[in-house]
Amino acid sequence: MRTRPVSALARREFLALAGLGASGVLLGACGTGSGAAPEGALRAAFGQPVTDLDPYKANTAVDEATLIVKRLVFDTLVRREGEKLAPGLARSWERTSPTTWVFHLRPGVRFHDGSRLTARDVVACLKRTKSVESAQTPLWEPVVSATADDAHTVTFTTSVPLGALPVNLTLLFIVPARLAADPAQSRSPVGSGPFRVAGFTPSTTVELERNDSYWGGRARLPAVSLPFVAETSSAITALRNGDLDLLWPIPPDQLAEVEGAGGVRVETVPSWTYYFSWFNCSRKPFGDPAVRRAMWQAVDVAGLVRELFGAGAERMTAPIPSTVLGHRAQQPYAYDPAAARRALRDAGFPRGFRTSLMWFDATGPLARELAQAMISAWSEVGVEVEPQSIEKAQWLERLNTLDWDMNLQTNTVTTGDAGFSVGRLYTSKANRLGYANPALDAVLAKADRAADEDERSRLYGDACKTLWDDAVGIFPATLVTAYGLRRGLTGFTPAANNQPELADVARR
Amino acid sequence: MTRFLLRRTGQALIVAWGAISLVFVIVRVVPGDPAALILGPDASPAQTASVRADFGLDRPLAQQYVTHLGEVVRGDFGDSWRLGGSAMANTLDRYPATLTLAVLALVLTLAVGFPLGMACARRAGGVLDACVSALSLVGQALPSFWVGIVLILLFARGLNWLPSTAGSGLASAVLPAVTLAVPFVGWLARLVRNGALEEGGREYVRTARAKGTGEGVLQYVHVGRNIAVPVVTVLGLLLGNFVANAVIVEVVFSWPGIGSLMVDAITNRDYAVVEAAIVTITVTYIVLNLLVDALYFALDPRLTPENA
């Protein structure tokens, strides 16, 4: 009896405290939920998340989303301006022997932390990138060493003549030598680019602020905010409502949603990303080029690309996009199901055969629709194809072990140079699709060594022809990247590599 | 009381262990190799093997499991290969955002569901009652990703009242919180209605009414306090539910919480983050349950650990 009032009092107090605590949690939570971009910032969203900003991280070595940010935060010796190579940190360069290149650095460049950028930093960065196993590894394997001749001169020595070195250097981001292997670079990297990192939450948002002492002149906007919006419909809504200034790539089937909206305009450019559907040439019946060609003839590629993608894609005329160095247009395979049936009969398949096609939906826009359209075209000529829409992780595992019949995917020629795709994918050594052709190997090796751009272009053009005639895969469409931007933006140039120069963008 | 809490904590630990073991097995049984995802399609078998060794994935599963449990006990889930840094730190960074949504959804559910239930109880069998009971069924049947997208179409794209993605402060949280709350508003209203109807026939209600107490005071002060125990139970579980349900809603609204982190980690086979996120959600659920249990005694002094 004695304890009753005490416990009643304690109960009231407890409840009051609980209520107070709960409202405290609510208030506290409200404070942290917001992450508004700074005033005047360009709010730009790309279709994939940025996970890590360390330029030498293996898993983001050729990741497009990460490259967009890296190009704003770091500098490279050589830059790409449209289809041309232009001086970056290197004012000029020359090839002093077939295996020696000398690069002259721009003097007076400083990193974001105030330290001077010298040849020693370049040497350290090359060493660092060579020590990391990544998708860039094949690019750097032939580079034996880089030496600093003086503060502003670097000499690169290669084991074989390497014509693609200047192109490859557009992927070597320069950081201070002492930070080249610093894990802190993942979150708050130091570079010398037009912007510095002000905030970064992986897979969520990157906040950049202008580097006012940039050697190439100040960026036109004080800050850039790069949020990741996973849902395309949410992102399009945000662009239409003005919560975003820039959004890319806009999927072909959503273009109408954006183009009709007030205050938004669309700019397009044929990208370096393309669809292909490989045949596993080490599996029956795809070892026979006649069968592969018949499979291609069975599909109305031109009609399919037009119907599915509209303005969102261009029909391909070579195994690489037309804007890539080394492209040479080939004669398209005409749609001819009767000829395809005849060819299959002659190859010993009068009643067709059964096979499968694997892909993962996120590989590109309308991947599922493209796969289904091809599968139904093949069934018309008696080839029954089992659709295998699988998850990316599983797809990658099967791709690497050649455990597939046909494979549909997109690929990006990250450097804009055929060496990056044709030169990497189709050698007998790479064995990516069970295809081995010693004659092609010789052409590719020669192209890799040639320093002269015309010579390289000619040799890769020859490779295009071989791959096209051998029909190692069907090459249906180059994607056209559609950038949706608010009308007030000026100075924007759509970029084929999905990495637009955001430092030049301003607001009217 | 201490014994009761100790017993409950013991039970909670068993649940946590179960969750950790289950997640450990499931993420490793699902096909797909993290090493392949890290290195991309150009990796040589030697490269893949060396990355697998770095993550300890080349060792027997049983050995991995024992090592893993030892690390988890010390709060170490390993590093995220995709995001860099400790998986737990990455998860906890995202936790406040998820909690904001969950608490907001809870406040919404309570603010709408409770008065609605009381109003239904006042005219049981009336038009409002029938509507609420029908709509509560519909609300629970609608999948949340669909509700989310429809809300975006309506309030963001159509009317442009609210943002569709995170980044505009609390306004951004409204649509996702409503999406989370939709299935449960009607449900809570039904619960409150039934409780209030049951209590309505009690003598203290008759007495209060005879004294001339107004209907509002009667319902919210007298009856409300007496149906607090079931309501609090439900709210506690709801908060846990909201944290767990946030997975899909966060993806739809690009909300930077644990849910979107987890979906990203699962598709990329970032085992450490998947485990850290699931354990965080499990522990939240368990702690909330414990809190609800403790709250009972505060709400109803007649309850003791022995008769609870």
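How far apart do the C-alpha centres of domain 2 of chain A and domain 3 of chain A lie? They lie 33 Å apart. This is a predicted model, in which local features need pLDDT of at least 70 and side-chain atom pairs count only at pLDDT 80 or more, while totals for chains, interfaces and linings use all residues. Residues are numbered from 1 along each chain as written, chains are lettered from A and ligands numbered from 1 in written order, and side-chain values use heavy atoms, without hydrogens and water.

**View 1. Domains of chain A.** Chain A is divided into domain 1 (8-74 + 184-262), domain 2 (78-174) and domain 3 (270-480). The bounds come from an automatic or database domain assignment. In domain 2, 13 residues are in contact with 14 residues of domain 3 (contact: heavy atoms within 4.5 Å).

**View 2. Helices α6(B) and α8(B).** The axes of α6 (residues 127-141) and α8 (residues 171-200) of chain B come within 7 Å and cross at roughly 140°. α6(B) is therefore oblique to α8(B) (angles under 35 degrees count as roughly parallel, over 145 as roughly antiparallel, 65 to 115 as roughly perpendicular, and the rest as oblique). Residues of α6(B), including Asp129(B) and Ser133(B), meet residues of α8(B), among them Trp187(B) and Arg190(B). The residues of this contact divide into 5 nonpolar, 5 polar and 3 charged (nonpolar: Ala, Val, Leu, Ile, Met, Phe, Trp, Tyr, Cys and Pro; charged: Asp, Glu, Lys and Arg; polar: the others, Gly among them).

**View 3. Ala62(B).** Ala62(B) lies in helix α4 (residues 61-73) of chain B. Helices are DSSP runs (H or I, at least four residues), numbered from the N terminus. Ala62(B) counts as exposed because its relative accessibility is 55% (exposed: over 50%; buried: under 20%; partly exposed: in between; 1.4 Å probe, protein chains only). The C-alpha atoms of Ala62(B) and Ala189(B) are separated by 48 Å.

Notes: Helices (H or I, at least four residues) and strands (E, at least two) are DSSP runs, numbered from the N terminus. Axes are lines fitted to C-alpha atoms, for helices over the stretch in contact, and angles run from 0 to 180 degrees between N-to-C directions.
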